[in-house]
Amino acid sequence: MLYAQVHLTLPAWVHDAVDTSATYPDDDARIALAIELSRRNVEAASGGPFGAALFGPDDRIVSVGVNRVMPTSCSVAHAETMAFMLAQQRLQTPRLNALGAPYTLATSSQPCCQCFGASVWAGIDRLLIGARAEDVEALTEFDEGPLPADWPQELERRGIELVRDLRRDEARAVLQAYAATGGARY
Ligand SMILES: [Zn+2]
């Protein structure tokens, strides 16, 4: 049997966790939402301890993502890639800022090597990060993969503004809570 389509989903609880009419004008509120999504994903046992939210030019949510690797048997179903794919489907464009409007992704932890690449191609203008990769690798068994050593500069060179260490301790606390559950390492 040859499969010819992929179906990926977020957990049903995201509809209760997200207010799509609210505005998120500042970075703190945006990263707080990404971390809240990561926390709820752990509590609901609906995936790994990672959350992301994508904001459009009107400061409203375009999409959100949480890690869905294990529930969907899909290694690319990370929080960031889920948010990118859902935003691209909603806006019907593979490059979000193709028409010039700015888009921002907030993610609870630093993108892994896959999500770094996805961030380069998705068409975002700003990337907000909570925990660092070293936090992820110190607190959990997740592998962040072979990122370019100069990945922050690489993003800046491609016009993506990087803001790190936003609510870092809060993001770290979710990683610790996940590790305490003995969760799988994917
Ligand atoms: Zn990733």
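The following legends describe close-up views of a predicted model.

**View 1. The largest nonpolar core.** The largest nonpolar core comprises 49 residues. Leu54, Phe84, Leu105, Ile124, Leu127 and Leu155 are those with the most contacts inside this core. Helix H2 (residues 27–43) supplies the largest share of the core, namely six residues. In soluble globular proteins, nonpolar side chains tend to be buried together.

**View 2. The surroundings of Phe84.** When residues up to four places away in sequence are not counted, Phe84 touches Leu54, Leu96, Leu105, Ala118, Ser119, Ala122 and Ile124. Among these neighbours, Leu54, Leu105 and Ile124 are, like Phe84, listed with the most contacts inside the largest nonpolar core.

**View 3. The packing of helix H4 against helix H5.** The axes of helix H4 (residues 79–91) and helix H5 (residues 113–122) come within 9 Å of each other and cross at roughly 25 degrees. Because angles under 35 degrees count as roughly parallel, H4 is described as roughly parallel to H5. The crossing of H4 past H5 is left-handed. From H4, the contact involves Glu80, Thr81, Phe84 and Gln88; from H5, it involves Gln114, Cys115, Ala118, Ser119 and Ala122. Of the residues in this contact, Ala118, Ser119 and Ala122 are also among those touched by Phe84.

View 4. The structure holds 15 salt bridges, and one of them joins the side chains of Asp27 and Arg126, with an N to O distance of 2.9 Å. Asp27 belongs to helix H2 and Arg126 to strand S4 (residues 126–131).

View 5. Glu43 and Arg39 form a salt bridge in which the closest N and O atoms are 2.3 Å apart. The two residues are separated by about one helical turn, because they lie four residues apart in helix H2. Glu43 counts as exposed, at 58% relative accessibility, whereas Arg39 is partly exposed, with a relative accessible area of 32%.

View 6. Glu134 forms a salt bridge with Arg168, and the closest N and O atoms are 3.9 Å apart. Glu134 lies in helix H6 (residues 133–139) and Arg168 in helix H8 (residues 168–180), so the pair ties together parts that are 34 residues apart in sequence. Glu134 is partly exposed, at 48% relative accessibility; Arg168 is also partly exposed, with a relative accessible area of 25%. Through salt bridges that share partners, Arg132, Glu134, Asp135, Asp165, Arg168 and Arg172 are joined into one network.

Conventions: Residues numbered from 1 in each chain as written. Predicted model: local features only at pLDDT ≥ 70, side-chain atom pairs only at ≥ 80, totals over all residues. Heavy atoms only, no water. Core = buried A, V, L, I, M, F, W, Y, C linked by side-chain atoms within 4.5 Å. Buried < 20%, exposed > 50% of the residue type's maximum accessible area, 1.4 Å probe, protein only. Contact = heavy atoms within 4.5 Å. Salt bridge = Lys/Arg side-chain N within 4 Å of Asp/Glu carboxyl O. Axes fitted to C-alpha atoms, helices over the stretch in contact; angles between N-to-C directions. Parallel < 35°, antiparallel > 145°, perpendicular 65-115°, else oblique. Left-handed = near helix turned anticlockwise from the far one by under 90°.
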